[in-house]
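Have the structure open as you read.

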Amino acid sequence: TQPEDFAQRTVIVTAGPTVEAIDPVRYLTNKSSGKMGFALAEAARARGARVILIAGPVTLDTPSGVERVNVQSARDMLDAACRYAIDADIFIGCAAVADYRVATPAEHKLKKTPGSTGLTLELVENPDIIATVAALPARPFMVGFAAETRELERFATDKLARKGLDMIAANDVLAPDLGFGSDHNAVTLYWQDGDSPRHEALPPATKRTLAHGILSRLMANFSAKASF
Ligand code: PMT
(Lines give C-alpha, C1' and ligand atoms only; values in the text may rest on other atoms or scores of the structure.)
Protein backbone atom coordinates (compact mmCIF):
# COMPACT_ATOMS: atom_id res chain seq x y z
CA THR A 1 0.00 0.00 0.00
CA GLN A 2 1.12 3.55 -0.77
CA PRO A 3 1.31 6.35 1.78
CA GLU A 4 -1.44 8.95 1.23
CA ASP A 5 1.06 11.74 1.85
CA PHE A 6 -0.10 13.72 -1.22
CA ALA A 7 -3.81 13.73 -0.25
CA GLN A 8 -5.43 17.19 -0.59
CA ARG A 9 -2.55 18.32 -2.84
CA THR A 10 -2.76 19.34 -6.48
CA VAL A 11 0.32 18.39 -8.47
CA ILE A 12 1.14 19.49 -12.01
CA VAL A 13 3.60 17.38 -13.99
CA THR A 14 4.92 18.32 -17.43
CA ALA A 15 6.16 15.40 -19.52
CA GLY A 16 7.48 14.45 -22.93
CA PRO A 17 9.01 16.60 -25.63
CA THR A 18 7.62 19.69 -27.28
CA VAL A 19 7.46 19.91 -31.07
CA GLU A 20 8.22 23.11 -32.93
CA ALA A 21 6.96 23.43 -36.50
CA ILE A 22 9.31 24.04 -39.42
CA ASP A 23 6.54 23.77 -42.03
CA PRO A 24 3.17 21.90 -42.09
CA VAL A 25 4.88 18.48 -42.24
CA ARG A 26 8.21 18.95 -40.46
CA TYR A 27 9.25 19.85 -36.93
CA LEU A 28 12.06 20.10 -34.38
CA THR A 29 11.84 17.87 -31.31
CA ASN A 30 13.93 15.66 -28.99
CA LYS A 31 14.17 12.10 -27.66
CA SER A 32 11.90 12.39 -24.60
CA SER A 33 9.39 9.52 -24.40
CA GLY A 34 7.39 10.96 -21.49
CA LYS A 35 8.07 7.86 -19.34
CA MET A 36 9.71 9.72 -16.42
CA GLY A 37 6.96 12.35 -16.23
CA PHE A 38 4.16 9.79 -16.59
CA ALA A 39 5.76 7.69 -13.79
CA LEU A 40 5.79 10.77 -11.54
CA ALA A 41 2.15 11.52 -12.38
CA GLU A 42 1.12 7.92 -11.65
CA ALA A 43 3.07 7.84 -8.36
CA ALA A 44 1.65 11.18 -7.14
CA ARG A 45 -1.87 9.98 -7.96
CA ALA A 46 -1.27 6.69 -6.10
CA ARG A 47 -0.24 8.77 -3.07
CA GLY A 48 -3.51 10.69 -3.07
CA ALA A 49 -2.83 13.82 -5.16
CA ARG A 50 -5.04 15.41 -7.77
CA VAL A 51 -2.67 15.25 -10.75
CA ILE A 52 -2.70 17.36 -13.92
CA LEU A 53 -0.33 15.94 -16.51
CA ILE A 54 0.62 18.40 -19.25
CA ALA A 55 2.02 16.20 -21.98
CA GLY A 56 3.78 16.83 -25.25
CA PRO A 57 3.14 14.32 -28.04
CA VAL A 58 3.94 10.85 -26.67
CA THR A 59 2.41 7.42 -27.19
CA LEU A 60 1.81 6.54 -23.52
CA ASP A 61 -1.55 5.77 -21.91
CA THR A 62 -2.83 8.22 -19.31
CA PRO A 63 -2.34 6.79 -15.79
CA SER A 64 -5.65 6.01 -14.10
CA GLY A 65 -7.23 8.97 -12.29
CA VAL A 66 -4.83 11.51 -13.82
CA GLU A 67 -6.17 14.55 -15.74
CA ARG A 68 -4.22 14.93 -18.99
CA VAL A 69 -3.77 18.07 -21.09
CA ASN A 70 -2.13 17.45 -24.47
CA VAL A 71 0.07 20.15 -25.99
CA GLN A 72 2.42 20.46 -28.94
CA SER A 73 4.78 23.43 -28.71
CA ALA A 74 6.62 25.05 -25.79
CA ARG A 75 4.30 28.03 -26.02
CA ASP A 76 1.23 25.73 -25.79
CA MET A 77 2.83 24.07 -22.75
CA LEU A 78 3.48 27.46 -21.15
CA ASP A 79 -0.18 28.49 -21.63
CA ALA A 80 -1.43 25.27 -20.02
CA ALA A 81 1.13 25.49 -17.19
CA CYS A 82 0.12 29.05 -16.28
CA ARG A 83 -3.60 28.19 -16.49
CA TYR A 84 -3.34 25.27 -14.05
CA ALA A 85 -0.52 26.59 -11.81
CA ILE A 86 -2.90 29.01 -10.07
CA ASP A 87 -4.57 26.12 -8.21
CA ALA A 88 -1.53 23.88 -7.74
CA ASP A 89 0.56 23.13 -4.64
CA ILE A 90 3.42 21.45 -6.48
CA PHE A 91 4.78 21.82 -10.03
CA ILE A 92 7.17 19.21 -11.46
CA GLY A 93 8.76 20.20 -14.78
CA CYS A 94 9.91 16.92 -16.30
CA ALA A 95 9.22 17.86 -19.93
CA ALA A 96 12.10 18.25 -22.35
CA VAL A 97 11.04 21.66 -23.60
CA ALA A 98 12.61 22.89 -26.84
CA ASP A 99 14.85 25.83 -25.98
CA TYR A 100 14.38 27.24 -29.50
CA ARG A 101 11.65 27.35 -32.14
CA VAL A 102 11.71 28.27 -35.81
CA ALA A 103 11.26 32.04 -36.07
CA THR A 104 8.71 31.88 -38.90
CA PRO A 105 7.35 28.42 -39.71
CA ALA A 106 6.58 28.13 -43.43
CA GLU A 107 2.90 28.14 -44.39
CA HIS A 108 3.52 25.57 -47.15
CA LYS A 109 5.85 22.61 -47.38
CA LEU A 110 9.39 23.85 -48.00
CA LYS A 111 10.76 22.97 -51.44
CA LYS A 112 14.34 22.35 -52.42
CA THR A 113 15.82 25.36 -54.16
CA PRO A 114 17.48 24.21 -57.43
CA GLY A 115 21.21 24.86 -57.33
CA SER A 116 21.29 25.39 -53.57
CA THR A 117 23.05 22.84 -51.34
CA GLY A 118 21.80 23.95 -47.93
CA LEU A 119 18.99 25.51 -45.95
CA THR A 120 19.32 27.82 -42.96
CA LEU A 121 16.61 27.89 -40.30
CA GLU A 122 16.42 30.94 -38.08
CA LEU A 123 15.67 29.95 -34.48
CA VAL A 124 14.41 32.15 -31.66
CA GLU A 125 14.41 31.34 -27.96
CA ASN A 126 11.31 29.84 -26.38
CA PRO A 127 9.97 31.15 -23.07
CA ASP A 128 11.18 29.25 -20.00
CA ILE A 129 8.09 27.52 -18.60
CA ILE A 130 9.33 26.58 -15.18
CA ALA A 131 11.02 29.96 -14.57
CA THR A 132 7.82 31.75 -15.62
CA VAL A 133 5.66 29.69 -13.24
CA ALA A 134 8.25 30.12 -10.44
CA ALA A 135 7.96 33.90 -10.84
CA LEU A 136 4.16 33.93 -10.39
CA PRO A 137 3.03 35.77 -7.22
CA ALA A 138 1.29 32.72 -5.66
CA ARG A 139 3.57 30.06 -6.99
CA PRO A 140 3.52 26.33 -6.30
CA PHE A 141 6.49 24.43 -4.82
CA MET A 142 8.72 24.16 -7.90
CA VAL A 143 10.68 21.08 -8.92
CA GLY A 144 12.73 20.99 -12.12
CA PHE A 145 14.80 18.41 -13.93
CA ALA A 146 18.23 18.98 -15.44
CA ALA A 147 19.27 16.82 -18.38
CA GLU A 148 23.04 17.08 -18.57
CA THR A 149 25.84 15.38 -20.47
CA ARG A 150 28.68 16.78 -18.29
CA GLU A 151 29.32 18.74 -15.06
CA LEU A 152 25.99 17.57 -13.62
CA GLU A 153 26.30 19.32 -10.26
CA ARG A 154 27.46 22.69 -11.58
CA PHE A 155 24.83 22.96 -14.32
CA ALA A 156 22.01 21.58 -12.13
CA THR A 157 22.66 23.91 -9.19
CA ASP A 158 22.96 26.81 -11.63
CA LYS A 159 19.49 25.95 -13.04
CA LEU A 160 18.10 25.57 -9.50
CA ALA A 161 19.13 29.14 -8.67
CA ARG A 162 18.60 30.79 -12.07
CA LYS A 163 15.08 29.40 -12.60
CA GLY A 164 14.02 30.10 -9.00
CA LEU A 165 13.27 26.44 -8.13
CA ASP A 166 12.88 24.71 -4.76
CA MET A 167 14.47 21.44 -5.91
CA ILE A 168 16.06 19.97 -9.05
CA ALA A 169 16.57 16.38 -10.19
CA ALA A 170 19.70 16.07 -12.30
CA ASN A 171 20.16 13.16 -14.67
CA ASP A 172 23.20 12.24 -16.72
CA VAL A 173 21.59 11.65 -20.10
CA LEU A 174 24.72 10.03 -21.58
CA ALA A 175 24.64 7.17 -19.02
CA PRO A 176 23.98 3.92 -20.92
CA ASP A 177 20.42 2.52 -20.60
CA LEU A 178 19.21 5.45 -18.46
CA GLY A 179 17.43 8.75 -19.17
CA PHE A 180 15.73 9.52 -22.51
CA GLY A 181 13.48 6.70 -23.74
CA SER A 182 14.63 4.08 -21.21
CA ASP A 183 12.47 2.42 -18.54
CA HIS A 184 15.24 3.20 -16.03
CA ASN A 185 16.83 6.34 -14.70
CA ALA A 186 18.99 7.70 -11.86
CA VAL A 187 18.97 11.24 -10.49
CA THR A 188 20.76 13.40 -7.95
CA LEU A 189 18.42 15.79 -6.16
CA TYR A 190 19.71 19.26 -5.23
CA TRP A 191 18.04 21.80 -2.97
CA GLN A 192 18.90 24.57 -0.49
CA ASP A 193 18.39 24.03 3.23
CA GLY A 194 18.50 27.63 4.46
CA ASP A 195 21.96 28.74 3.33
CA SER A 196 23.29 25.18 3.00
CA PRO A 197 23.30 23.38 -0.34
CA ARG A 198 22.04 19.80 0.04
CA HIS A 199 21.95 16.82 -2.29
CA GLU A 200 20.84 13.20 -2.36
CA ALA A 201 21.68 10.62 -5.02
CA LEU A 202 18.95 8.14 -6.00
CA PRO A 203 20.59 5.11 -7.66
CA PRO A 204 19.53 3.52 -10.97
CA ALA A 205 16.03 2.04 -10.76
CA THR A 206 12.89 1.75 -12.85
CA LYS A 207 11.32 5.14 -13.50
CA ARG A 208 8.34 3.98 -11.41
CA THR A 209 10.54 3.24 -8.36
CA LEU A 210 12.58 6.38 -8.89
CA ALA A 211 9.41 8.49 -9.11
CA HIS A 212 8.44 7.36 -5.60
CA GLY A 213 11.94 8.20 -4.30
CA ILE A 214 11.74 11.68 -5.83
CA LEU A 215 8.24 12.24 -4.37
CA SER A 216 9.35 11.17 -0.87
CA ARG A 217 12.20 13.70 -0.84
CA LEU A 218 9.94 16.32 -2.45
CA MET A 219 7.29 15.86 0.26
CA ALA A 220 9.90 16.13 3.05
CA ASN A 221 11.12 19.45 1.60
CA PHE A 222 7.60 20.69 0.82
CA SER A 223 6.40 19.96 4.38
CA ALA A 224 9.46 21.64 5.89
CA LYS A 225 8.79 24.74 3.79
CA ALA A 226 5.01 24.73 4.35
CA SER A 227 5.37 24.57 8.15
CA PHE A 228 7.99 27.33 8.24
O1 PMT B 1 10.79 11.40 -21.15
P2 PMT B 1 11.79 10.29 -20.88
O3 PMT B 1 12.17 9.55 -22.14
O4 PMT B 1 11.31 9.39 -19.77
O5 PMT B 1 13.16 10.96 -20.37
C6 PMT B 1 13.18 11.64 -19.16
C7 PMT B 1 14.01 12.96 -19.25
C8 PMT B 1 15.47 12.63 -19.50
C9 PMT B 1 13.45 13.83 -20.40
C10 PMT B 1 13.78 13.68 -17.88
O11 PMT B 1 14.29 12.89 -16.85
C12 PMT B 1 14.45 15.07 -17.88
O13 PMT B 1 15.64 15.24 -17.63
N14 PMT B 1 13.64 16.12 -18.17
C15 PMT B 1 14.13 17.50 -18.35
C16 PMT B 1 14.68 17.64 -19.74
C17 PMT B 1 15.21 19.02 -20.02
O18 PMT B 1 14.76 19.63 -20.96
O19 PMT B 1 16.09 19.49 -19.18
P20 PMT B 1 16.83 20.93 -19.28
O21 PMT B 1 18.05 20.79 -18.43
O22 PMT B 1 16.98 21.37 -20.71
O23 PMT B 1 15.79 21.91 -18.60
C24 PMT B 1 15.83 22.26 -17.23
C25 PMT B 1 14.44 22.45 -16.67
O26 PMT B 1 13.82 23.59 -17.26
C27 PMT B 1 13.48 21.27 -16.89
O28 PMT B 1 12.68 21.13 -15.74
C29 PMT B 1 12.65 21.73 -18.09
O30 PMT B 1 11.34 21.15 -18.07
C31 PMT B 1 12.59 23.24 -17.86
N32 PMT B 1 12.45 24.06 -19.08
C33 PMT B 1 13.42 24.07 -20.03
C34 PMT B 1 13.30 24.91 -21.13
C35 PMT B 1 12.14 25.73 -21.24
N36 PMT B 1 11.98 26.53 -22.29
N37 PMT B 1 11.21 25.70 -20.29
C38 PMT B 1 11.34 24.88 -19.20
O39 PMT B 1 10.47 24.86 -18.32
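β9 provides the largest share of the shell around the ligand, four residues. Keep in mind that this is a predicted model, where local features need pLDDT of at least 70, side-chain atom pairs count only at pLDDT 80 or more, and totals for chains, interfaces and linings use all residues. Numbering starts from 1 along each chain as its sequence is written.

In total, 29 residues surround the ligand, and S33, G93, I129, I130 and G144 are the closest. "Near" here asks for a C-beta atom, placed from the backbone, within 6 Å of the molecule. At least two shell residues each come from α1 (35-46), α3 (129-134) and β9 (141-148). Helices (H or I, at least four residues) and strands (E, at least two) are DSSP runs, numbered from the N terminus.

Sorted by class, the shell looks like this:

| Class (residues counted) | Residues in the shell |
|---|---|
| Nonpolar (Ala, Val, Leu, Ile, Met, Phe, Trp, Tyr, Cys, Pro) | 13 residues |
| Polar (the others, Gly among them) | 12 residues |

With β6 (residues 90-93) β9 pairs in the parallel sense over four bridges, and G93 has G144 as its bridge partner in β9. With β10 (residues 167-172) β9 pairs in the parallel sense over six bridges, and A147 stands opposite N171 in β10. From β9 the chain crosses through helix α4 (residues 152-162) to β10, a right-handed β-α-β crossover (clockwise from the first strand over the helix to the second, with the strands pointing away from the viewer).

Technical notes: Pairing = 2+ DSSP bridges.
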